[in-house]
Amino acid sequence: MKILNTFLFLIFGLLLKAQYLQVNYSVIRESSVSTSKNFSPEMKKKLLEDEKKPAEFRLFVAHGNSYFTALPREIVSNQTDTSKGKSVYSHIETVIVDPVKIYRLNGDEKNYAYHKVDDYEFYSFDKLDTKAVTYREDMQIIENYLCKLVEVTLQNNQIIKIWYTESVPLSAGPFSYNSFPGLVLKIEAPSFVMYATEVSNKAKEEDVKTINKKLPVFSGEAYRNKMKELNDKKQNNQNKVIKL
Amino acid sequence: MWKAFFLCLTFIFTINTFAQNIEVSLKNSSGAELIDINVQLLKDGSVLDFKKTNQQGICIFQRAETGVFSLKFTSLYYKTKIVEIDTNKQNSFNFVLEPQITEIENVEIKARPKIAFQKKDTISFNIKSVQDGTERTAEDLIKKIPGLDINDAGKVTFKGKQLGQILIDGNEFFGKNQKIATQNISADMLEGIDLWENYTKINDGKSTALNLKLKDGYRGKITGDVKTLGGTNNNYLIHSNLFKFNKIGNFALITDFNNVAKDPLNFMDFYDMNSQDDVSNLPSNQDMQAPSFLNNDGKVKKKDNQFAAFQYSKNSKNFRISAFSVLDASQLIRQNFTNRFIINSNNSVINYLENSRQDNKGLFGTTNIKMRQNFNDHSFLYYSFQYNPTTDKASQNINRFLNDSIFYGISQKNRKNVVGNFLSWNKNLKNNLNLVVAANTKHILDSENLSINSNVNLFNLNSDSLNQNYKEKSNSYGLDFYLSNKTKFFNYTLQTGFSKSDNSANLTQEVTKNKNLYKTFNYLNSVLLSKKIGRFDFSGKLEYNKMEINNVSKNYLNKNFSIHYKPEEKIGEEYNLEYNDRYSPASVLILQENPFYTNLLGYSQNVNIMPLDLVNQKQLRFTYNRFNFTKGNFNLLVVEYNFSDQLFTQNYFNFPQYSIIKNQIGNFDRKYLIYYNNNQRLSKNYRLSSKLTGFQSNNKNLITGNENRSKIQSLKLEQKISSTNQDFPFQFDFGYTYLKTKMQQSYQNTSASQEQYNLLLNLKTTINKEWIGNLSGNYLVQKTSFQTRNNFLLNGEVTYQKIKSNFEYNLTFSNLLHLNNFDYIENNNTPLGNDQVVISSLRGYVIAGFKYKFN
C-alpha cells in the first residue's frame with residue numbers, strides 16, 4: 001500500500017510541474033510624472049498621452065515561486081533645438097522608469113524587489129505593511145471567475161480593494177498584493193485600477209525568474225540608508241559633471 | 001499611581017492571556033508535510049484570517065476569542081476541504097488532504113472594470129470607468145452613469161425614480177435641494193459615488209440617497225472656488241462655493257449673483273423646502289403656490305438672481321445635526337404676444353391680440369434645522385424646525401386690442417410665512433419592536449394684495465379699478481404613535497394619530513368683507529403590512545381617517561398595495577406593481593363662495609363644493625427595469641394610469657375682457673403615461689441613449705354650462721449617441737429630440753398642436769488636462785398651426801487651467817447667434833381659448849472671466 005502511495009505521489013509530483021500560471025494585467029493610472037514642474041510643456045504633453053495608455057504587467061507563478069514584471073514601454077523623450085549663431089544646442093528631456101521586477105520564493109512570505117541605481121544592483125524585501133485587512137461579503141463575476149473582496153487599509157489610511165478568486169487557489173497577485181486565498185484579478189486603489197486581461201497556463205519554466213543570489217539584499221532601515229547613499233552619490237556625480 | 005500602573009499591567013496581561021494560538025498542521029496521505037496550502041479561518045461563513053502553511057506544513061492563527069470556527073483548505077494540487085474546529089476543546093489540529101489537481105484554464109478576460117457593483121442595499125459606481133476629463137461638476141459625472149439621470153427639475157433619478165437625498169461623505173447637504181450639491185461639488189473632488197437604497201435619515205425614516213465620496217485631499221481644509229464672469233449687454237455671473245469638511249462638522253457657503261437666468265433654485269426646490277415630511281397625518285388642504293419669480297421655464301425675457309446658502313452638518317456617535325439656511329432674491333421679466341380666440345358665452349368666436357409684460361420681484365428664504373440625540377437605552381430624540389418666509393411682488397401691464405385698445409395695470413403682492421416644529425421620541429423596545437411618539441405644529445400666514453386698474457369697467461363692476469385683500473391663517477397641531485415590528489411571518493407598522501387644524505380666510509374687496517373659519521379634526525389609524533415570499537415582496541397599507549370640519553364628520557379609507565419581484569440577484573432586474581387610492585379635501589381657496597379675482601383677469605367662485613367633499617385619486621403604476629452592471633446597459637419601462645371619478649372641476653365663462661371660473665363637483669379625469677428609457681453600449685467606445693415619453697390626459701369640464709371634454713396628447717422621443725473613448729481627447733454627443741403636443745376641446749370642436757424638432761451635436765474635449773471645452777449646436781424647428789420657425793442655437797464653454805495653478809479662465813456663450821433677441825412660439829388650446837403665443841425669451845450672451853480655486 002505504501003509503495004502504491006509513494007508511486008501515486010511521484011506521478012502526482014510530475015503532474016505538479018505541468019502548472020505554469022501566467023496572468024496578464026492592465027493598469028489605468030492617474031497622472032503622476034506629467035504634472036512635474038521640471039518638464040517643458042511639450043514633454044508634459046507627451047507624458048500625459050503616454051499615461052493615458054494602459055500599462056501592461058505580467059505575473060508568472062510555478063512551484064510556489066512567482067515573478068511579477070512590467071512590460072517594457074516606449075521611452076518618452078523630447079528634444080528641443082535652439083540655435084545661437086551657427087551653433088545648435090539640443091535640450092533632451094527623458095524619463096527613465098525603474099524596471100518593475102518583484103520576486104517571491106517558495107516558503108518565503110517576503111517580496112523581493114529589484115533595484116538598479118547607476119550600475120549598482122540589489123534587492124529590497126518587504127511584506128505588505130497594512131493597518132487592517134478586512135474580508136468583505138461582496139462578490140462579482142469577472143469572466144468565468146467568481147471573485148471575493150478583501151479591503152486592505154494601508155498605514156497612510158488608503159483603502160485598497162482587492163478582488164481575488166478561489167477558482168484559482170493560488171496565493172498570488174501583482175506587486176505585494178499576493179497574500180490572499182486566491183489569485184488576485186483586480187485591484188482598485190485611489191490612484192490606479194489594475195485588472196487581469198488573461199489567465200493562462202502557458203508560461204514557461206524560464207519565465208518564472210528567480211533572484212540572483214549573488215546580489216545583496218536590504219530591508220527596512222538598511223534599505224533606506226542604502227538608497228540615500230546611492231542617491232547622494234548620484235547627485236555628487238551630477239554636480240561634478242556640471243563643474244567640469 | 002503605582003496601583004493604577006499595576007492595574008493597567010494586569011489588564012494588559014489578562015487580555016494577552018485570552019489571545020490564543022490556533023495551530024493547524026497539514027499532511028498528505030503518506031504523512032508528508034504539505035507546504036504552501038491556503039488556509040482560511042472562517043466564522044459563520046465570513047473570512048476572519050488567511051495563512052499559508054510553512055515548510056513544516058504548519059500555519060498559526062491568533063484569535064482573542066475561543067469558539068467554533070471553520071477552516072477551509074485550498075490548493076492547486078489538493079482537494080478543497082472545509083472542517084469545523086472547536087477551540088474551547090483544543091488549539092492544535094492535524095488534517096490530511098487528498099490530492100486533486102485544479103487545472104488552470106486559459107481564459108481571456110474581456111470584461112473591463114465594472115461600471116457598478118452591488119452589495120446588499122448599496123450600489124457603488126466606478127466613476128473612473130466613465131470619466132474622460134471633460135466633466136466639470138458632479139452633475140456632469142452623474143449624467144454619464146447609466147441608470148442615473150438628472151431630471152428637468154434638477155433632481156437626481158435612479159431607474160426613473162427620484163432620489164431622496166444627496167449626501168457628502170454620508171452627511172446631509174442642503175436637505176432635498178439636490179441641485180446645490182450636484183452643481184457645486186466639482187468632479188475633481190470626487191473619489192466615488194454610492195447609491196444607498198435604504199438610507200436611514202436623521203429622523204430614522206428610510207430614503208434613497210446618493211452619497212458623493214470625497215477624495216482625501218479635500219478633507220480638513222477650505223476648498224471650493226470663486227468665479228467671476230462678465231460680458232455682452234452688461235451680463236454677469238459671480239458664483240462662489242466654499243467648503244470645509246472636517247471632524248468638527250461639514251460647512252458649506254454658496255453665493256450666486258447673475259443676470260443670465262442661471263437659477264440656483266427652482267420651483268421644485270421650493271415645494272421640497274416647504275414640505276414637512278415629518279408630519280404624517282395632517283390633511284393636505286393648503287394650496288402651495290410657488291412664487292412666480294421662481295417659475296423659470298426657460299422662456300423668460302430676463303432673470304436676475306441673488307442667492308446665498310449656508311449649510312452645517314455633523315455626525316457623531318450620539319448626536320447628529322443638519323442645518324441650512326437659504327436666501328434667494330430674484331427679478332424676472334416675461335413678455336408674451338398672444339393672438340387669442342375665445343368661445344364667448346353666447347357661443348360666438350371672438351378674436352383679440354394681447355401684449356403682456358410681467359415684472360416679478362421676490363424674496364424666498366428657508367431655515368431648516370434637524371437634530372438627533374441618541375441615548376444608551378436604544379432610544380433617541382429627534383427635533384426639526386423650519387421657517388420659510390416668502391415675498392412675491394408682481395406688476396403686469398396688459399394691452400388688449402379688440403375693437404378698442406384696452407389697458408390693464410395689475411399689481412400683486414404676496415407674503416407668506418411658514419413655521420414648523422416636529423419632535424419625536426423613538427424607542428427600540430426589544431429586538432425589532434420600535435415605538436415612536438411624535439408631536440408637530442405648523443403655522444402658516446398667507447396674505448395677498450391685488451390691485452387692478454383699467455381704462456374700461458372691470459368685471460362688470462361699474463368701476464375701472466379693483467382692490468382685493470386676502471389673508472389665510474392656519475394653525476395645525478398633531479400627535480402620532482407608531483409601533484413597528486419585524487416578525488417571522490410579516491413586518492408591520494401600526495399608527496394612530498390625531499391632528500387639529502384651524503384655518504381662517506378673510507377676503508376683502510373694496511367695501512365687501514367675507515370671513516370663513518374651518519376647524520378641522522382628523523383621527524387616523526393605519527396598518528402597514530409587508531411580507532417577503534421567495535423573490536416577491538408584498539406590501540399593503542390601509543389608512544382609516546375620520547375627518548371632522550366644523551362639527552360635520554366624514555370617514556374615508558386610503559389604500560396602497562404593491563408587489564415587487566426581483567428574478568435573480570446577480571442581474572439587476574426588477575418588476576414593480578403599485579396601486580394607490582387616496583382622498584384629499586378641498587383647499588380653503590377653492591371653497592371661497594365670493595368671487596376671488598386673479599391676475600389672469602378673471603375670478604373664481606365656488607358653486608357647490610362643501611368642506612368635506614373629498615377628491616379621490618387612484619393610481620396604477622407598473623415599473624420594469626434591468627441594469628447590467630458590467631456593460632452599464634440599462635432599460636426602464638414605466639406605465640402609469642391615474643383616474644378619478646370624484647373630483648373638483650371648473651365651469652368657464654369667457655368674455656372679451658375677463659373670464660369667470662366656477663368651481664364645482666366633477667366626475668371624470670384620466671391620465672395615461674408611458675415612459676421608456678434605454679441606455680445601451682454599442683461598442684467599446686459608443687453608447688446609445690433613447691427615451692420615449694407618451695402622455696395623454698382626458699378630463700371633463702364645462703364651458704358656459706355645456707359639457708366639454710379636454711384632451712391633451714404628448715409624445716417625446718429622444719435619441720443620442722455618445723462617444724466614450726477615454727484614450728481619445730475628443731468626445732461627442734449626436735442626437736435628436738422630437739416633441740409633438742396636441743390639445744383638443746370637444747365643445748365647439750377646437751384644437752391646437754405644436755411640434756418641435758431638435759438636432760443636437762455636442763463636442764467635448766480636454767487637452768493636456770488644461771483645456772476643457774464643449775461646443776453645443778442645436779438646430780431647432782418649432783412648428784405650430786400658425787407659424788414655423790427654424791433656428792440654430794450655439795452654446796459653449798471653454799476653460800483653461802494651467803496644471804497646479806489655482807486660476808481657471810472661462811469663456812461661456814449661450815445662444816451666440818441671437819445676441820439681440822430670441823422668441824419661442826406656442827399654440828395652446830384650453831377652456832379659456834385658443835392661444836397663438838410668441839414668447840420673447842432671453843437673448844444670447846457671451847461672458848468671460850476667471851475662477852479661483854481654493855485647494
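User: Contact means heavy atoms within 4.5 Å. Leaving aside neighbours within four places in sequence, what is B:D49 in contact with?

Analyst: On that basis B:D49 is in contact with A:Y135 from chain A, plus B:V39, B:Q40, B:L41 and B:F61 from chain B. Before going on: this is a predicted model, where local features need pLDDT of at least 70 and side-chain atom pairs count only at 80 or more, while totals for chains, interfaces and linings use all residues. Residues are numbered from 1 along each chain as written, chains are lettered from A and ligands numbered from 1 in written order, and side-chain values use heavy atoms, without hydrogens or water.

User: Noted. Which element holds B:D49?

Analyst: Strand β3 of chain B. Strands are DSSP E runs of at least two residues and helices are H or I runs of at least four, numbered from the N terminus.

User: And how are B:D49 and B:Q62 placed?

Analyst: They are 13 residues apart along the chain. Their C-alpha atoms are separated by 9.0 Å.

User: Let's go to the interface. How many residues of chain B are in contact with chain A?

Analyst: 48 residues of chain B, facing 51 residues of chain A.

User: What area is buried there?

Analyst: About 4700 Å² between chain B and chain A. Carbon and sulfur atoms give 56% of that. Buried area is the accessible area (1.4 Å probe) lost when two parts are put together, summed over both.

User: Which residues of chain B lose the most area?

Analyst: B:I104, B:V107 and B:I109. Together they account for 14% of what the chain B side buries.

User: How many salt bridges cross between the two chains?

Analyst: One. The rule asks for a side-chain nitrogen of Lys or Arg within 4 Å of a carboxyl oxygen of Asp or Glu. Here B:K72 pairs with A:E166, and the closest N and O atoms are 2.8 Å apart.

User: Which strands supply at least two residues to the chain B side?

Analyst: β2 (38-43), β3 (46-52), β5 (68-74), β8 (107-108) and β9 (116-119) of chain B. The largest share is six residues, from β3(B). That is also the strand of B:D49.

User: Back to salt bridges. How many over all chains?

Analyst: 42 in a search of the whole structure.

User: Give me one in chain A. Where does A:R224 come in?

Analyst: A:R224 meets A:E221 in a salt bridge, 3.4 Å from N to O. Both lie in helix α3 (residues 220-243) of chain A. They are three residues apart, about one turn of the helix.

User: And what about B:R334 and B:D297?

Analyst: Those two side chains also form a salt bridge, at 3.6 Å from N to O. B:R334 lies in strand β22 (residues 319-343) of chain B, and B:D297 in the loop between α4 (267-274) and β21 (302-315), so this pair ties together parts 37 residues apart in sequence.
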